[in-house]
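Dear colleague,

Please find below the structure that I am handing over to you, with its sequence. My notes on it come directly after.

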Amino acid sequence: MTDAKPPVHPDRQAELAAGLAQVQARIADACAVAGRARSEVTMVAVTKTYPASDVLALAGLGVTEVGENRDQEAAGKAAEVAAAGARPRWHFIGQLQRNKCRSVVGYADVVQSVDSARLARALGAAAVAGRDRPLDALIQVSIDGDPTRGGALPGSADPDAGLHPVAEAVARADGLRLAGLMAVAPLGWEPERAFARLAEVAREFRAAHPEAVMLSAGMSGDLETAIGYGATHVRVGSALLGMRSTLR
């Protein structure tokens with residue numbers, strides 16, 4: 001939270017406050033149904049395409065975790081938010097190219113989309129050079145095993161794309177901390193099927209890496225199902241921010 005006054009139209013402030021209340025109620029209800037404590041689930045506000053003023057407004061409403069998909073947008077937005085006095089925890093959640101690692105480690109606190117050993121090594125080297133503390137890294141998992149969609153492959157021995165080799169690369173990287181897993185429900189899969197499969201992968205993964213407890217799964221349309229299957233972080237964009245406002 002910050003004491004900075006967000007440069008945002010009062011109508012937009014009210015819209016964001018209403019969206020936040022609705023999402024928080026959904027998360028609380030889903031936790032109750034799942035028999036989980038509300039404190040077990042963290043909301044990451046996905047602010048891609050939304051202005052820095054929205055991030056500042058959300059920070060003023062108590063939102064502490066913010067996600068972005070593209071470095072070209074995120075780097076400038078993070079700098080603008082920091083200049084205004086807010087310090088949210090930034091999650092990079094989009095596909096990351098190795099040549100963007102140096103930029104991303106400058107503002108991100110978490111990278112949720114590590115999906116290859118090569119990326120893990122590049123990100124670790126950039127973190128050592130550009131940070132004074134380790135960067136939390138989540139391995140993006142391919143739930144359906146389709147190598148064309150991105151994500152590390154459970155059960156694969158591929159030295160670059162297999163889940164275990166990627167985890168080992170993250171664990172060995174001095175600049176990274178292996179924090180857990182992230183996944184997106186594949187197109188055409190019902191959330192129940194997707195997150196049940198992810199829960200199986202997560203159980204096996206934690207047996208080998210008990211410290212890696214984060215599980216980022218679920219978005220605006222399926223967060224309840226993800227929470228039911230153990231998600232610790234849900235990534236919420238449209239349900240929180242709605243359609244991008246023209247108000248400034």
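This is a predicted model: local features need pLDDT of at least 70, side-chain atom pairs count only at pLDDT 80 or more; totals for chains, interfaces and linings use all residues.

The largest pocket has a volume of about 620 Å³. Its lining is made up of 27 residues, and those nearest the centre of the pocket are Asn69, Gln140, Val184, Met219 and Arg235. By class, the lining of this largest pocket comprises twelve nonpolar, ten polar and five charged residues.

The second largest pocket has a volume of about 150 Å³. Pro154, Gly155, Leu163, His164, Val201, Glu204, Phe205, Ala208 and His209 line this pocket. Helix H6 (163-172) and helix H7 (191-208) each contribute at least two residues to that lining, and the largest share, four residues, belongs to H7. Five residues of the lining of the second largest pocket are nonpolar, three are polar and one is charged.

I also looked at how helix H1 (residues 10-34) is placed against helix H2 (residues 52-60). Their axes come within 10 Å and cross at roughly 55°; H1 is therefore oblique to H2. The crossing of H1 and H2 is right-handed. On the H1 side, the contact is made by Arg12, Gln13 and Leu16, while H2 provides Asp54, Ala57 and Leu58. Sorted by class, the residues in the contact of H1 with H2 are three nonpolar, one polar and two charged.

With kind regards

Conventions:
Residues are numbered from 1 along each chain as its sequence is written. Side-chain values use heavy atoms; hydrogens and water are left out. On a 1 Å grid over the protein atoms alone, a cavity is a set of points where a 1.4 Å probe fits but cannot get out, and a pocket is an open set with protein on both sides within 12 Å along at least five of seven lines; lining residues have an atom within 4 Å of a point. Grid points are joined across faces, edges and corners, and a volume is the space filled by probe spheres set on the points. Ala, Val, Leu, Ile, Met, Phe, Trp, Tyr, Cys and Pro count as nonpolar, Asp, Glu, Lys and Arg as charged, and the others, Gly among them, as polar. Axes are lines fitted to C-alpha atoms, for helices over the stretch in contact, and angles run from 0 to 180 degrees between N-to-C directions. Angles under 35 degrees count as roughly parallel, over 145 as roughly antiparallel, 65 to 115 as roughly perpendicular and the rest as oblique. A crossing is left-handed if the near helix is turned anticlockwise from the far one by less than a right angle, and right-handed if clockwise. Contact means heavy atoms within 4.5 Å.
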